[in-house]
Amino acid sequence: FANKLQQTLSNVSKLQVFGDKDFQKALNNVRMALIDADANVKIVDDLISKVETNMKTAKIPRGVTKTQMFVKLVHDGLVDILGNKGTAERILSPAQQQRRFMFVGLQGSGKTTTIAKFAKLTLKKFPKTKILLVACDTRRPAAIEQLDILGKRVNCETFCAEEGADAVRVLEKALEYSVEQKFDYVFVDTAGRQVIDNDLMQELGRLEKIAKPDETLLVLDAMTGQEAANVAKKFAETVHVSGAVLTKLDSDTRGGAALSLSTISGCRIGFMGTSEDLDGLEPFYPDRIASRILGMGDIVTLVEKAQENVSEEEAKEMAKRMMEAKFTFEDFLKQLSFVSSMGSVGNMLKMIPGVGNKINSEEISKMEKKLKVAKVIIQSMTKEEKKNPDVFYKDATSKTRIERIRKGSGRSQEEIDDFFKTFKAAQAAMKKLGAFAKKNGNVETSE
Ligand code: GDP
Ligand code: MG
């Protein structure tokens, strides 16, 4: 399916013109490709309508064509679908009390390997923890030995049973032991089959009841493509799958499995296997996989760069306006409206290098309130007053003017005083900033 999607987008990106008809056709093709992949129809339709609106409203940066923008919007939609916010962090969190994980999945999906990788990753993150691996795959010859060997490689103890022993009994004994020995984590390996059968499922159900795992992780082979989603559905009928690990993403699969899987509600991919090596386990990054699925990483990067440039340009433009302003109340008001059109003061300040990270949200919300008040006060001024702030400071009429404005704006004396004080300070700051910028040649001013 990934090929179908890639084909569609590759055709789109070659178009010289991208008219309304082309756009609708492209949307429809993307939709069909996703639905053919067994992706959930509702989720696909959400994605399509989002792309449709965003295409109409998004600002297309200079140097970017409509078709490239389209590819980028589809990419963003996929990232949304693949979204797994917080899943990896939750799974790999510290053990306040014993944390138990059960790993389930088909035979050969990579459960045993993933357990060793997980143990290694956990020890790296929490160096002093004790991890017990439990070999509950008593069915497959040599499965116990395999876990034992891998366990030794990552310096973890493995609770081994005899081949053919009852998995449920093994688990009970292992849990007892783990509590006695105060293990922080218990990772339970389970048996898989080539295909799902009832026998296996019943055993998993019983194991889960006994282990009461904090996480039941479904290990899926990415190379099986969309089939992974069907497997996930089946497992979710019996055990409480809390997250998925997609293995073998290092091979040349295009991530179709990830997408089909993610459209099944509740199955969030936390980690991905990226090699046979025991270091080959990483948190799952939706944006990387989305690029892989589309096969258009270049276009996506290009649009992202252009978008960054736009916000940089906007910030520069704004700085220029700020400094050019002679700082009358009129300019101040213009700026205030500009600020509110930008969304929030917080966003604006964040764009000014070196300022953004020093400002906390409490200060920002205080400031936003102040700005609202300022707007009302300025609106109560006459045209002349807006142009000549000095009349409030030097003119003999200043007292009566201020009094009139206080009444007109319905603000308290305190707010009025605060406003004039702030304005004065802002005026001074602007002058300094303007002089500084001119000296350093950052911003061209018309003066
Ligand atoms: P299990 O039957 O589910 O326990 O699967 P195993 O852990 O025994 O793994 C089956 C095979 O897949 C082994 O040869 C592993 O080395 C291999 N494998 C597991 N995870 C990955 C991965 O992320 N990348 C690659 N390339 N191979 C993997
Ligand atoms: Mg195994």
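How many of the six residues of β1 are buried? Six of the six are, so β1 is largely enclosed by the rest of the structure.

1. **Ground rules.** This is a predicted model, in which local features need pLDDT of at least 70 and side-chain atom pairs count only at pLDDT 80 or more, while totals for chains, interfaces and linings use all residues. Residues are numbered from 1 along each chain as its sequence is written, and chains are lettered from A and ligands numbered from 1 in the order in which they are written.

2. **Overall make-up.** The secondary structure of the protein comes to 19 helices and eight strands; helices (H or I, at least four residues) and strands (E, at least two) are DSSP runs, numbered from the N terminus. Of the 447 residues, 35% count as buried. A residue is buried if 20 or more other C-beta atoms lie within 10 Å of its own, exposed if 12 or fewer, and partly exposed in between, with C-beta atoms placed from the backbone. Among contacts between residues at least 6 apart in sequence, 76% join residues at least 24 apart; a contact here is a pair of C-beta atoms, placed from the backbone, within 7 Å.

3. **The sheet.** Eight strands form an open sheet with mixed pairing, in the order β3-β2-β4-β1-β5-β6-β7-β8. Two strands pair if DSSP finds at least two bridges between them. The edges are held by β3 (157–159) and β8 (281–283), each with a single partner strand, so one side of each is left without a neighbour in the sheet. From one strand to the next, the twist averages 25 degrees. Axes are lines fitted to C-alpha atoms, for helices over the stretch in contact, and angles run from 0 to 180 degrees between N-to-C directions.

4. **Strand β1.** Both faces of β1 are covered: R99, F101 and F103 are buried on one side, and R100, M102 and V104 on the other. In a regular strand the side chains alternate between the two faces of the sheet. Strand β1 runs parallel to β4, joined by five bridges, and F101 has F187 as its bridge partner there. With β5 the pairing is also parallel, over four bridges, and F103 stands opposite L217.

5. **Strand β2.** This strand is mostly covered too, with five of its five residues buried. I131, L133 and A135 lie on one side, with L132 and V134 on the other. Three bridges join β2 (residues 131–135) to β3 in a parallel arrangement, and five join β2 to β4, again parallel. L132 stands opposite E157 in β3 and opposite V186 in β4. The bridge partner of L133 in β3 is T158.

6. **Helices on the sheet.** Helix α7 (residues 143–153) lies across β2, β3 and β4, at about 165 degrees to β2. Together, β2, α7 and β3 make a right-handed β-α-β unit: with the strands pointing away from the viewer, the path from the first strand over the helix to the second runs clockwise. Helix α6 lies across β1, β2, β4, β5, β6, β7 and β8, running at about 170 degrees to β4.

7. **Ligand 1.** The shell around ligand 1 has 19 residues, the closest being G110, K111, T112, T113 and G273. A residue is near a molecule if its C-beta atom, placed from the backbone, lies within 6 Å of it. Helix α6 (residues 111–125) gives the most to this shell, with three residues. By type, the shell divides into one nonpolar, 14 polar and four charged residues; Ala, Val, Leu, Ile, Met, Phe, Trp, Tyr, Cys and Pro count as nonpolar, Asp, Glu, Lys and Arg as charged, and the others, Gly among them, as polar.

8. **Two backbone spots to look at.** Most residues other than glycine have a negative phi. N155, in the loop between α7 and β3, has a positive phi of about 60 degrees. N155 is exposed, with 10 other C-beta atoms within 10 Å. K182, in the loop between α8 (167–180) and β4, has a phi near 50 degrees. K182 counts as exposed as well, with 8 C-beta neighbours inside 10 Å.

9. G297 lies in helix α13 (residues 297–324) and is partly exposed, with 14 other C-beta atoms within 10 Å. G297 and V71 are 226 residues apart in sequence but 9.8 Å apart in space, C-alpha to C-alpha.

Definitions and conventions:
Contact = placed C-beta atoms within 7 Å.
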